[in-house]
Amino acid sequence: MSIYLDNAATTQLDREVFEAMTPYLLQNFGNPSSHHGHGRIVKNAIENARITIANLLNASPNEIIFTSGGTEADNTAILSSVRSHQVKHVITTPFEHHAVLHTLDALKNSGEIELSFIDTDNRGNLDLNRLDNLLKGNKKALVSVMHANNEIGNLSNIELIGEICCSKGALFHSDTVQTIGHYRHDLSKLKTHFIAASAHKFHGPKGVGFIYCKDGVQLSQLLHGGAQERKQRAGTENIHGIIGLAKALEIAYKDIDEHQVYIQKLKSRMIAKLSDQITDIQFNGNSAVADKSLYTVLSVSLPINHAYGDVLAYLDENNISVSGGSACSTGLASHVLKAIGADVYRNTIRFSFSKYNTAEEIDYTVEKLSALYKAIAA
Ligand code: PLP
């Protein structure tokens, strides 16, 4: 059996998505900027993809700008805030993806911004009173808080954060890479100025995503060149990627409730079985709290000292693909686990699920882990 439980890293391409993409690799190869039939077919397909995405998210098509993925969308949101909106103070969390944190570090190191972090407890809950206080200064501010954390799965209350930002006149960017395609978003109600999305997190192709930029909010171009994407993102469009992105989102929304229930059941099954088989197992952050974490992510802290070997390598040898995360300061330290003060002597595994996983795969994985635990404990 070969088991893939690393869906927060990337997901398997849906066959229907692949089939929607192939005509744009073979027959419809024109350049959308060309003023002839071959170009027009492709230009129309891009605009239809944009309309599909906008309708699903209750946005308007001109608010969706295609990018090469989540990293570019995060960078664009942050750099636009500084370059086009004179933001001088950015408030974020220690858990953000490096696409956000490293961009902010670079801006801080070049003296362009002051950087502040919202306090959290050891479960990763954000102290939003602190956000209120941090926004009391008179510098133009951007708040960048991810909707869901990719390592421990914690969900943030972006509705409330949006309200706070709105009341203080701050810009709000949310990295929604782990939630677009997994939760319903009504962007007409959410008070975000920017959000980021990436197709490969919801069974679409890699290397394509979008930034949502609220109507009337100016974007600053990262790439200069042609007039593509209404002069907001230069470069010939990734046509088949954009078609795949729209198709993947359409499919995700079609069965979203059913998939949420199915995947949450797999996650709950794993929590119950692991808790039963492994004494002193712990779950990082809010990972095991259903309404406070992504139903696709379970971050487990095992009572297995690093000195006893690498649990990831053991699972890999058993054809089970998962991600790790170590709180220790040697090698692959995770900034997220460090931020919640995770125990450096324990092994952490991130299991992440999709609609393609089965209960049998969960049972087999728990069986293998529990066999390792019993061998070490003996
Ligand atoms: N933000 C989050 C929360 C992510 O999980 C990822 C991908 O792992 C990214 C941003 C980057 O997205 P991409 O791989 O499309 O650049």
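Guide: A residue is called buried when its relative accessible area is under 20%, and exposed when that area is over 50%. Please note that the model is a predicted one.

Visitor: Is Ser 352 buried or exposed?

Guide: Ser 352 has its place in strand E12, which spans residues 346-352. The relative accessible area of Ser 352 is 1%. The limit for a buried residue is under 20%. Ser 352 is therefore buried.

Visitor: Which backbone nitrogen does the side chain of Ser 352 reach at 2.8 Å, besides that of Ala 8?

Guide: Leaving aside neighbours within four places in sequence, Ser 352 is in contact with several residues, including Leu 5, Asp 6, Thr 296 and Asn 357. A polar atom of its side chain lies 2.8 Å from the backbone nitrogen of Ala 8. The side chain also reaches, at 2.8 Å, the backbone nitrogen of Asn 7.

Visitor: Which are the edge strands of the open sheet to which E12 belongs?

Guide: This open sheet has three strands, in the order E9-E10-E12, and its pairing is antiparallel. An edge strand pairs on one side only. The edge strands are E9 (282-283) and E12.

Visitor: What is the bridge partner of Phe 283 in E10?

Guide: E9 and strand E10 (residues 297-305) run antiparallel and are joined by two bridges. In E10, the residue that partners Phe 283 is Val 300.

Visitor: At about what angle does helix H12 run to E10?

Guide: Two helices may be considered here. H9 packs on the sheet and touches E9, E10 and E12, with its direction at about 15 degrees to that of E10. Helix H12 (residues 359-377) lies across E10 and E12, and its angle to E10 is about 20 degrees.

Visitor: Which are the edge strands of the open sheet of seven strands?

Guide: The order of this sheet is E2-E8-E7-E6-E5-E3-E4, with mixed pairing. Each edge strand pairs on one side only, and these strands are E2 (64-67) and E4 (114-117).

Visitor: Which residue of E8 is the bridge partner of Phe 66, and of Ala 197?

Guide: E2 and strand E8 (residues 209-213) run antiparallel, joined by four bridges. E7 and E8 also run antiparallel, joined by five bridges. The partner of Phe 66 in E8 is Phe 210, and the partner of Ala 197 in E8 is likewise Phe 210.

Visitor: Which residue stands opposite Phe 194 in E7?

Guide: E6 and E7 pair over three bridges in the parallel sense. Opposite Phe 194 stands His 173.

Visitor: How many residues of E7 are buried?

Guide: In a regular strand the side chains alternate between the two faces of the sheet. The number of buried residues in E7 is five of five.

Visitor: What angle does the direction of helix H3 make with that of E7?

Guide: Helix H3 (residues 70-85) packs on the sheet, where it touches E2, E5, E6, E7 and E8. The angle between the directions of H3 and E7 is about 160 degrees.

Visitor: Which residues lining the largest cavity are the closest to its centre?

Guide: There are three cavities of 30 Å³ or more, and the largest holds about 160 Å³ of space. Helices H8 (239-254) and H9 (256-277) each supply at least two residues of its lining. Of the 17 lining residues, the closest to the centre are Gly 181, His 182, His 203, His 259 and Lys 355.

Notes: Residues numbered from 1 in each chain as written. Predicted model: local features only at pLDDT ≥ 70, side-chain atom pairs only at ≥ 80, totals over all residues. Heavy atoms only, no water. Pairing = 2+ DSSP bridges. Contact = heavy atoms within 4.5 Å. Axes fitted to C-alpha atoms, helices over the stretch in contact; angles between N-to-C directions. Buried < 20%, exposed > 50% of the residue type's maximum accessible area, 1.4 Å probe, protein only. Polar contact = N/O pair within 3.5 Å; in protein donor to acceptor, adjacent residues only side chain to side chain. 1 Å grid on protein atoms, 1.4 Å probe; cavity = no way out; pocket = protein on both sides within 12 Å on 5 of 7 lines; lining within 4 Å. Points joined across faces, edges and corners; volume = space filled by probe spheres on them.
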